[in-house]
Amino acid sequence: MSLSSGSSEHVLAAEGLKVVYETSFGVVDAASDVTFQVKKGEFFGLAGESGCGKSTVAYSLVKEVPPPGRIVGGKIYINGRDVVPLSEDEMRKIRWKEISVIPQAAMNALNPVYTVGDQIAEAILAHEEMSKDDALARAEELLDLVGVGRQRVRSYPHELSGGQRQRVMIAMALALNPPIVIADEPTTALDVVVQAQILNLFKELRSKFNMSLIFITHDLTTMFELVDRIAVMYAGKIVEIGPTDKIVDDPLHPYTELLVRAVPRIGVGEKGRFEYIPGSPPNLLEPPPGCRFHPRCPKRFEPCDKEEPRMVEVERGRFVACHLIAGRTS
Ligand code: SF4
């Protein structure tokens, strides 16, 4: 398998994606040369610390990067079609039907003055010709599907718990049966019990619909439970991609290794202590030269602060961008 170019087996692919934020302080290089593919039915995770570019990539995939963000390079294939050149009108036809997003903060995403049923129905009616009654009936089915229950169709968001509101957002994302769903930190604001329920809901939905999920979180514990493959991002770049079990059991990039060791339940911390990653991610107004991780990397050596490591395939489906690894495979 190569890391370049989307193909017919992939429902979604980013190729050399570059996104910047043009601010009054300068240009923030938020996502750079981001390349990955997602197969039909696959659950794919984007991992990394806060601010590493995960959400920027997620919203780029539907061309909804918040201003002053802008896609300035690369391609995004949705069901084989590059959507980067498409107009906003053309994208509106694709969003919800071919790809939808479950946003981070359900309370902010829901309108407090409309019932949840009306909001789901409105999303359906914006894309499909049907009566309001039929759309509300579909909203009831969706509320049953996500475990909120159809009796809540006339509830207002404030009458629901945080977990129920998140389920309503999932129902909305599924309203038009899109084959690809992006979930941006969908469990972050929830307590651990509700988090587990939402993860189970995703697993149930997967078995029912065979949808592809792009799951974004800084919480690796939840990610390890849910996804088939993980792309690890650091400072706007993907540094490692591989099957979840390989990333957990044998992380190759030094950043991935530190990230995995910082997860309490993995239990690889010395004598059960939590480990942490020293330092903080760089300011992307002026990313470090060479490997962007080099100022924090315990394994840095001669070329790391000058030469950017290229992504290499170390084994089938396993990609790493690190001079240590490149040296091993060359
Ligand atoms: Fe560390 Fe060098 Fe690898 Fe970057 S390229 S992760 S600095 S060893």
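Analyst: Let's begin with salt bridges: the term here stands for a side-chain nitrogen of Lys or Arg within 4 Å of a carboxyl oxygen of Asp or Glu. By that rule, a search of the whole structure turns up 23 salt bridges. Bear in mind that this is a predicted model, where local features need pLDDT of at least 70, side-chain atom pairs count only at pLDDT 80 or more, and totals for chains, interfaces and linings use all residues. Residues are numbered from 1 along each chain as its sequence is written, and side-chain values use heavy atoms, with hydrogens and water left out.

User: What makes R92 and E88 a salt bridge?

Analyst: The closest N and O atoms of R92 and E88 are 3.7 Å apart, and the cut-off is 4 Å, so the pair qualifies. R92 and E88 are about one helical turn apart, because they sit 4 residues from each other in helix α2 (residues 88-94). Helices here are DSSP runs of H or I with at least four residues, strands are runs of E with at least two, and both are numbered from the N terminus.

User: How many salt bridges cross the interface of domain 1 and domain 2?

Analyst: The rule finds 0 there. What the two domains do have is 4 residue pairs in polar contact, both residues at pLDDT 80 or more. A polar contact is a pair of N or O atoms within 3.5 Å; within protein, one must be able to donate a hydrogen and the other to accept it, and residues adjacent in sequence count only if both atoms are side-chain atoms.

User: Which residues belong to each domain?

Analyst: Domain 1 covers 10-87 + 180-278, and domain 2 covers 99-177. Those bounds come from an automatic or database domain assignment.

User: How do you know what area domain 1 and domain 2 bury between them?

Analyst: Buried area is the accessible area (1.4 Å probe) that two parts lose on being put together, summed over both. For these domains that comes to about 1,600 Å², 71% of it on carbon and sulfur atoms. V181, I182 and L201 supply 23% of the area that domain 1 buries against domain 2, more than any other three residues.

User: What makes W96 stand out in phi?

Analyst: W96 has a positive phi, near 80°, in a residue other than glycine. Look for W96 in the loop between α2 and β6 (99-102).

User: What is the mean pLDDT of the protein chain?

Analyst: On the predictor's per-residue confidence scale, from 0 to 100, the mean is 89, and 92% of residues reach 70 or more.
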